[in-house]
Amino acid sequence: MLEFKNEALVNFQLKENKEAMEAALKKVKAELGKEYPLIINGEKIFTEKKVKSINPGNVDELIGSVSQTNRDLAEKAMEAAQSAFSTWQYVDPVSRADYLFKAAAELRRRKFEFSAWEVYEIGKNWAEADGDVAEAIDFMEFYAREMVRLASPKALPPFPGERNRMHYIPLGVGIVIPPWNFPLAILVGMTTSAIVTGNSVLLKPASPTMIIAAKFAELMEEVGLPKGVLNFVPGPGSEIGDYLVGHPKTRFISFTGSKEVGLHINELAAKTAPGQIWVKRVVAEMGGKDAIVVDASANLEAAASAIVTSAFGFQGQKCSAGSRAIIHKDVYDDVLKMVIEKTNALAIGLPEDNFAIGPVSDQGAYHKILEYIEIGKTEGRLVSGGSKAEGNGYYIQPTVIADVKPEARIMQEEIFGPVLAVSKADSFEEAIDIFNNTEYGLTGSLYSNDRAHFEYAEQRMHCGNLYFNRKCTGAMVGAHPFGGFNMSGTDSKTGGPDYLQLFMQAKSVSEVF
Ligand code: TAP
């Protein structure tokens, strides 16, 4: 087994890569509009009730329609998962890891094709789509190796007259509920971590990206994952989600999404259903109100570039998006000027044509973001963008609102769109206080050239992922274990050495000689 290495990102400046992406977009376009089934115990089930997935960048384009799970089918999937668990839990962990290695290899071969699905279904530009596919590959490569590492029993300190050891064993049937914003990476990471550790899974994909999820379910079938280990159960979160979370046979819930839904799941899972014989485990990664702090000693050009990339990459729809910039008063005007120039230079248009800025995810998000922009105009000074943009989809101008007070709603609430709030701090220490002044704690970044300030920030900037002189998005599997504090979630640290244990329980075995 080779050492883990992050998947290289595609350089679309190279002619052969550009052509490969264009060919993949063409191929996928020819496949749009199909119907996709649920998958329960390996059986493909087409239901009468189907939900359409459309291209948010061209709302007349149908990506496909997906059969929907009702309660009877959810129950059937639960039974299939339980039955599969009875054997899958005993499969050699190294063999379980092999399914992930194989799936990673296959995904790598079909990288451009999966990226093209992301471009059409959720409006990522090419680099954002490629980053998501690469991260999905990384998760599988990383978790497979982690499982191999954890497979051998842990030696314990010797105790006279006994042989003692500790094994990690799986939990049972898990409900995996991913978000749409990293439709492959997060879904793949959450699903394969649960599977490789010996659990069986019901995967309920996010509604805006059900087709990409269906493509992954197909991939796992192709690599020969035993039937019933992964059951694909698309359906509305509010209906099927509550049913599955509350089910007495559900052993754990792995969730990534908004604070509201995460807290609701946590509450529901805490209620013991009749017949339930365990305490359900909840792993919940939720929202963020992340920020970049710029110190007076910083490289201002680098800071401004990072602010714009972090705020507007994938239209600001990342949990790690830098939706706040907190700038020292001595450099505030200079940094703001550069941020405005760089924001105004971002071109908006159809994702398949690879514009910097594409559409936001759906109509609900579109209206919510435009409402926040109006709120922002009353809370600060609009210096860039400020309204919807041209196009047959959910396009919004990247928007910068300056001189915003720390308590303002656009400094406190997760907007999840291309809106940046900029705040002025009188001192470095005040900037850190403003940074900490939200209920979230996911990512943060400090631009500085002052070592004492890095030390101060390392102790006091309260966030799960802190970066120095680097943007606050784009965590790399392995190098940057990812997860947040406070209302950002349970700090599970995806892509890190502690993650897989969340889906296992430790069993101590002691034999007297
Ligand atoms: P949500 O609206 O919370 O949806 C997340 C998932 O929960 C979807 O699959 C959704 O299904 C499902 N769901 C909705 N109601 C449910 C219920 N009652 N029971 C069970 N499942 C339910 O979030 P989103 O819009 O997809 O994603 C954006 C949010 O995710 C942002 O807040 C972002 O910060 C956060 N996020 C966090 C992270 C990390 S690592 N912290 C990473 C990515 C995203 P439907 O789509 O069918 O409603």
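Reader: Which strands does helix α4 lie across, and how does it run relative to β5?

Author: Helices (H or I, at least four residues) and strands (E, at least two) are DSSP runs, numbered from the N terminus, and contact means heavy atoms within 4.5 Å. Axes are lines fitted to C-alpha atoms, for helices over the stretch in contact, and angles run from 0 to 180 degrees between N-to-C directions. Here helix α4, residues 111-122, lies across β1, β4 and β5, and runs at about 110° to β5. This is a predicted model, in which local features need pLDDT of at least 70 and side-chain atom pairs count only at pLDDT 80 or more, while totals for chains, interfaces and linings use all residues. Residues are numbered from 1 along each chain as its sequence is written, and side-chain values use heavy atoms, with hydrogens and water left out.

Reader: In what order do the three strands of that open sheet come, and which are the edge strands?

Author: Two strands pair if DSSP finds at least two bridges between them. The order is β1-β5-β4, with mixed pairing, and the edge strands, β1 (34-36) and β4 (50-55), each pair on one side only. From one strand to the next, the twist averages 35°. Between β4 and β5 (residues 58-67) there are six bridges in the antiparallel sense, and lysine 52 has serine 65 in β5 as its bridge partner.

Reader: How many residues does the largest nonpolar core have?

Author: In soluble globular proteins, nonpolar side chains tend to be buried together. A nonpolar core is a set of buried Ala, Val, Leu, Ile, Met, Phe, Trp, Tyr and Cys residues joined through side-chain atoms within 4.5 Å, where buried means under 20% relative accessible area, exposed over 50%, and partly exposed in between (1.4 Å probe, protein chains only). The largest such core has 71 residues, and Leu107, Leu184 and Phe216 have the most contacts inside it. Helix α5 (residues 126-151) gives the most to this core, with twelve residues. A second, separate core of 33 residues includes Leu300 and Cys472.

Reader: Why do the buried residues of α14 line one face of the helix?

Author: An α-helix has 3.6 residues a turn, so residues three or four places apart point the same way. In helix α14 (residues 428-436), the buried residues are Phe428, Ala431, Ile432, Ile434 and Phe435. Seen down the axis of α14, they fall within an arc of 160° (the arc of the directions from the helix axis to the C-beta atoms), so they line one face. What covers them includes β14 (322-328), β17 (419-425) and α15 (451-460).
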